[in-house]
Amino acid sequence: WNAMDAAMQPYIAQARATWPQAKQRYLAGLPPRNTFFVTALIVDDSDRREQVFIAVDSIQAGKISGKIWNRVDIVHGYRLGDPYTFPESELRDWLITKPDGGEEGNYVGKFLDGYEPPRNCLTKSAS
């Protein structure tokens, strides 16, 4: 996780830099059948971490609210469809999907599509 998180940081910065414009477009009303997602980091009591998509329902008073929009595989206590609210300052990525399959944003997601973890992360030492 640490290696991947460090590698994602430039893309998270890019998403955060473009967030104000994306947020304004959402608040002004997206075209029909366009969907607005953000990516958040969830953490459980055992410090397991996972990025999840949130289908945005509202953005108010510096908080983003919506529903978890993907299966949660690593972190316990969260499920697909659960409501989730988090501060805008913790945003990791944003994505607008279009009915023709096109998308805008998704800086971190596009990076992760081709990410290869360092080789030392791929082997597990026996204890």
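Is Glu50 buried or exposed at 8% relative accessibility? Glu50 counts as buried, where buried means under 20% relative accessible area, exposed over 50% and partly exposed in between, using a 1.4 Å probe and protein chains only. The views below come from a predicted model, in which local features need pLDDT of at least 70 and side-chain atom pairs count only at pLDDT 80 or more, while totals for chains, interfaces and linings use all residues. Residues are numbered from 1 along each chain as its sequence is written, and side-chain values use heavy atoms, with hydrogens and water left out.

**View 1. Glu50 and its surroundings.** Glu50 sits in strand 2 (residues 49–60); strands (E, at least two residues) and helices (H or I, at least four) are DSSP runs, numbered from the N terminus. Setting aside neighbours within four places in sequence, Glu50 is in contact with residues including Ala40, Leu41, Ile42, Arg71 and Val72, contact being heavy atoms within 4.5 Å. Along the chain, Glu50 and Val72 are 22 residues apart, and their C-alpha atoms are separated by 7.7 Å. A polar atom of the Glu50 side chain lies 3.0 Å from the backbone nitrogen of Val75.

**View 2. Strand 4 beside strand 3.** Strand 3 (residues 63–68) and strand 4 run antiparallel, joined by 5 bridges. Lys67 has Pro83 as its bridge partner in strand 4, and Ile64 stands opposite Phe86.

**View 3. Aromatic pairs.** The model has 8 aromatic pairs, counted when ring centres of Phe, Tyr and Trp (its six-membered ring) lie within 6.5 Å; planes under 30 degrees apart are stacked, over 60 edge-to-face and the rest tilted. Tyr26 and Phe36 are a stacked pair, 5.0 Å centre to centre with 20° between the planes. That pair links distant parts of the chain, with Tyr26 in helix 1 (residues 2–28) and Phe36 in strand 1 (residues 35–43), 10 residues apart. Both Tyr26 and Phe36 are buried. Tyr78 and Tyr84 pair edge-to-face instead, at 5.9 Å and 75°. Tyr78 is partly exposed at 25% relative accessible area, whereas Tyr84 is buried at 14%.

**View 4. The largest nonpolar core.** This core holds 23 residues, of which Trp19, Phe36, Val38, Ile54, Ile64, Phe86 and Trp94 touch the most other members. A nonpolar core is a set of buried Ala, Val, Leu, Ile, Met, Phe, Trp, Tyr and Cys residues joined through side-chain atoms within 4.5 Å. Helix 1 and strands 1, 2, 3, 4 and 5 each supply at least two residues of this core. Beyond its neighbours within four places in sequence, Trp94 is in contact with residues including Ala15, Trp19, Phe36, Val38 and Tyr107.

Technical notes:
Pairing = 2+ DSSP bridges. Polar contact = N/O pair within 3.5 Å; in protein donor to acceptor, adjacent residues only side chain to side chain.
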